[in-house]
Amino acid sequence: EHLIGLSQTGAARGLAGGYFEWGAMYCMIILGWGFLPVYLQQKIVTMPGYLEQRYSPRCRTLYALISLLMYVTMKIAVALRSGAVVFQAILGLDMYASSAVLICMTGLYTAMG
């Protein structure tokens, strides 16, 4: 979805989308310099791990479940939809057949390692 979304943004608005991505890079570098030493000192490697250490195991589980639900409903759905649009344009398949092909290819790729 990044490829299709950023391509559309670039076509519509020029370099504004690219400038946004460059700005995000600088923010990530600053956050890494500020927070990475703290995380390494406390041996924290994930956000749920931080929440468990800071608050409680229940908070960690709740955050992990919400993240999983959001990932499945938003990220995977958008990726399937954008992939299906590409398959429909290139191969002439309908949305459901394209989505099924993408799911099968992803499952096979994942199972093979």
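Tutor: Let's start with a cut-off: a residue is buried under 20% relative accessible area, exposed over 50%, and partly exposed in between. Keep in mind that this is a predicted model.

Student: Okay, so is Tyr39 buried, exposed or partly exposed?

Tutor: Tyr39 has 29% relative accessibility, so it counts as partly exposed. Phe35 is partly exposed too, with a relative accessible area of 44%.

Student: How many aromatic pairs are there in the whole structure?

Tutor: A search turns up two. In one of them, the ring centres of Phe35 and Tyr39 sit 6.2 Å apart with planes at 20 degrees, so we call that pair stacked; planes under 30 degrees apart count that way.

Student: Where do Phe35 and Tyr39 lie?

Tutor: Both are in helix H2 (residues 16–41), four residues apart, which is about one turn of the helix. Together with Tyr50 they make one aromatic cluster.

Student: Last one: which residues line the largest pocket?

Tutor: Among them are Ile76, Leu80, Leu102 and Thr106. The pocket's volume is about 160 Å³. Helix H4 (57–91) and helix H5 (95–112) each supply at least two lining residues, and H4 gives the largest share, four. By class, the lining has five nonpolar, two polar and no charged residues.

Terms used:
Residues numbered from 1 in each chain as written. Predicted model: local features only at pLDDT ≥ 70, side-chain atom pairs only at ≥ 80, totals over all residues. Heavy atoms only, no water. Phe/Tyr/Trp six-rings, centres within 6.5 Å; stacked < 30°, edge-to-face > 60°. Buried < 20%, exposed > 50% of the residue type's maximum accessible area, 1.4 Å probe, protein only. 1 Å grid on protein atoms, 1.4 Å probe; cavity = no way out; pocket = protein on both sides within 12 Å on 5 of 7 lines; lining within 4 Å. Points joined across faces, edges and corners; volume = space filled by probe spheres on them. Nonpolar A, V, L, I, M, F, W, Y, C, P; charged D, E, K, R; others polar.
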